[in-house]
Amino acid sequence: MFSQLVVNGLVTGSVYAIAAVGVSLVYGILRLVNFAYGDMMAFGALVAYGCNGPLRQSMVVAALAGMAATALLALALDVALWKPLRARRAGFMSLFLASIGLALVLRQALLLAAGPQPEAYRVDPYRVFVIGSVRLSEAQTIAVATAAAAIVVVALFLARTTAGRVLRAMADDRTLAAVAGIDVARATRLAWAISGLLAGLAGVLAGLVEYSFTPDFGFQLLLPVFAAVVLGGIGSAYGALAGGLALGLAEELSTWSGFAGGVDPVYKPVVAFVLLALALLLRPQGLFGRARVA
Amino acid sequence: MSTLASAGFWEFVGVVAGIYTILALGIQLQFGFAGLLNFGQVAFMAIGAYTMAILVVKEGWSTWLAAPLGVAAAAVGGLVLGLPTLRLRSDYFAIVTIAFSEIVRYVAMNEDALTGGSQGTIALGPVGQAAQYNGQWAQFQHRMQAWLGLPSADATMLVIVWLAALALLASAWAVLRTPWGRVLRSIREDEDAAASLGKNAFAYKLQALALGAALAGVAGLFYAWQFSYFSPDDFAPLLTFFAWMIVLLGGLGRVFAVPVGAVVFGFIFAGTRFLGFAPFSWFASDQRAYLRLIIIGLVILALVVLRPQGLLGKREEMVLE
């Protein structure tokens, strides 16, 4: 029972972690808390569904198409919306509200285009892998393997490549990075492209794990993802990875009967927020965030 | 077109605009004057409405005792949220408030024994019996209607809600002109400067949060009475965003911009139901519901980009940053 919950927690947590890195990267560069991120995830999930369902493509092709489409969407939105707002030196508040408006537009446009009915990828929900006492569905297996690979790739990218160092340097201190000769416009496009790729991937994986999903499922995912970002310290990419995994594990393990009888599973989403509140009380700057007045 | 022309429909739009005015006034107080990014306003509305309904149905209280207690519960909710979170950075605070409102909705959805769960207030009473919390209110409304000689219940509600809204607007306006209001604005402008003059910024912010929450509680009461039934779905985060849009539309930092924003919002929201011309006529009616929200989203975007001080806002006093 316990090991099953740990595995389930890793599955949920790795989806949160991927999305949380995407949110965190853009926040680090642009100081934008992107409320439309959940709906970008849903966009990626739906594009992949279009390829996998009606167009009969394999899941891999579908996922890649969903990721590419979401990255393009992110870049297009940067040109159409975020760049003009930056040019006007819009502050945190304007950006946050604009992302709320954008989230509404995106979500309703997806509902308009795809209809409100739930969709499911062509994976067999009854095919189950059994490892010892742990059971994993095919979708969960795909999700956790892909997510693990993606997490390693992202971590290596941030730690080892020049582009990754540029992004972290900008998140650390934008002015100093610009003075040091970093091409800010290029780094911004890079951040959006990666953030979009991760949104698409997280959306497809979330769709796989939940088995069926509706075009507005992004919003339900958004709050735990935000919780993961805050838990890790806004703007810290490694923190977001850790925060996502920790939240996923905490949500599942809270239902374990060995833990004070366990929490009623309907309250799993609430566990994430309670944990967040406790963490913020102890460390107001997040687990990995630096203390800073702003 | 028949609905568009009927007085009944516009009375209804007016009632909803009045309720939104009270809800959004709370956000104006919190953000426009104290600089607090509260994105969980709808939770306080839910707390007010549920407290009143539960006390009336389960405890058999009089509506006139239960209603002020609902408002008080909403204010206490504001204190409970603010005590641990107001020291956080503003971006963290914004996210935590949204999370708070979802927790409140989640509890309302799953604690069937307390709130009736997802079936809503109809399940508040014993099994198999449809619960009612607004008997005394309906009587009162009926007497008012006879006394004022008004043609319908909605028309009476329109008068009651807007009288309440105007009274609250006037009180807020008066309160914000006192030294208390000036300190609040100075904290919004520069918290450190206010603190250096010996003002307890945390206490002032907490008071503003609780006061705005109490206003949301009042809005919750009127919402409950107007619709005679509600469920946790009525308190989704979307409602908070509507209230924010009203404040932005009217203008930041001005009390009497709120009703203007609410009325304009009411017209946009209700009016877009009747988009019977092309290109809207190409869509089925359920699809037009999505189009309405797309339009609302686009209006928010346009306001943020083009007119960050709102319709009536003073640019020199406060601009969205």
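Author: In this predicted model, H1(A) and helix H5 (residues 138–160) of chain A pack at an angle of about 40°, and their axes are 9 Å apart (axes are lines fitted to C-alpha atoms, for helices over the stretch in contact, and angles run from 0 to 180 degrees between N-to-C directions). H1(A) and H5(A) are therefore oblique to each other, given that angles under 35 degrees count as roughly parallel, over 145 as roughly antiparallel, 65 to 115 as roughly perpendicular and the rest as oblique. The names follow DSSP runs, helices being H or I of at least four residues and strands E of at least two, numbered from the N terminus. H1(A) and H5(A) make a left-handed crossing, that is, the near helix is turned anticlockwise from the far one by less than a right angle, whereas clockwise would be right-handed.

On the H1(A) side, the residues that meet H5(A) are Leu10(A), Val11(A), Ser14(A), Val15(A), Ala17(A), Ile18(A) and Val21(A), and their partners in H5(A) include Ala143(A), Val144(A), Ala147(A), Ile151(A) and Val154(A); contact here asks for C-beta atoms, placed from the backbone, within 7 Å. Sorted by class, this contact has 13 nonpolar, two polar and no charged residues (Ala, Val, Leu, Ile, Met, Phe, Trp, Tyr, Cys and Pro count as nonpolar, Asp, Glu, Lys and Arg as charged, and the others, Gly among them, as polar).

Arg31(A) has a positive phi of about 55° although it is not a glycine. Most residues other than glycine have a negative phi. With 18 other C-beta atoms within 10 Å, Arg31(A) is partly exposed, a residue being buried at 20 or more such atoms, exposed at 12 or fewer, and partly exposed in between, with C-beta atoms placed from the backbone. Tyr211(A) also carries a positive phi, of about 65°, without being a glycine; Tyr211(A) lies in the loop between helix H8 (184–209) and strand S4 (212–213) of chain A, and it is partly exposed because 14 other C-beta atoms lie within 10 Å.

Tyr49(A) is buried, with 23 other C-beta atoms within 10 Å, and, leaving aside neighbours within four places in sequence, Tyr49(A) is in contact with Glu119(A) and Tyr121(A). Tyr49(A) and Arg122(A) are 73 residues apart in sequence, yet 8.7 Å apart in space, C-alpha to C-alpha.

Chain A also meets a partner, for 35 of its residues are in contact with 33 residues of chain B. H3(A), H4(A), H9(A) and H11(A) each supply at least two residues of the side of chain A that touches chain B, and H4(A) gives the most, with 15 residues. The residues on that side of chain A divide into 31 nonpolar, four polar and no charged.

The axes of H4(A) and helix H14 (residues 285–306) of chain B come within 8 Å and cross at roughly 160°, so H4(A) and H14(B) are roughly antiparallel to each other. H4(A) passes H14(B) in a left-handed crossing. Leu97(A), Ile100(A), Leu104(A) and Leu111(A) are among the H4(A) residues that meet H14(B), where Tyr290(B), Leu291(B), Ile294(B) and Leu298(B) are among the partners.

Val183(B), Leu184(B) and Ile187(B) in H9(B) meet Ala201(B), Tyr204(B), Lys205(B) and Ala208(B) in H11(B).

As for confidence, chain A averages a pLDDT of 86 and chain B one of 88, pLDDT being the predictor's confidence in each residue, from 0 to 100. The complex is given an ipTM of 0.82 and a pTM of 0.86 by the predictor.

Residues are numbered from 1 along each chain as its sequence is written, while chains are lettered from A and ligands numbered from 1 in the order in which they are written. Since the model is predicted, local features need pLDDT of at least 70 and side-chain atom pairs count only at pLDDT 80 or more, whereas totals for chains, interfaces and linings use all residues.

Terms used. Contact = placed C-beta atoms within 7 Å.
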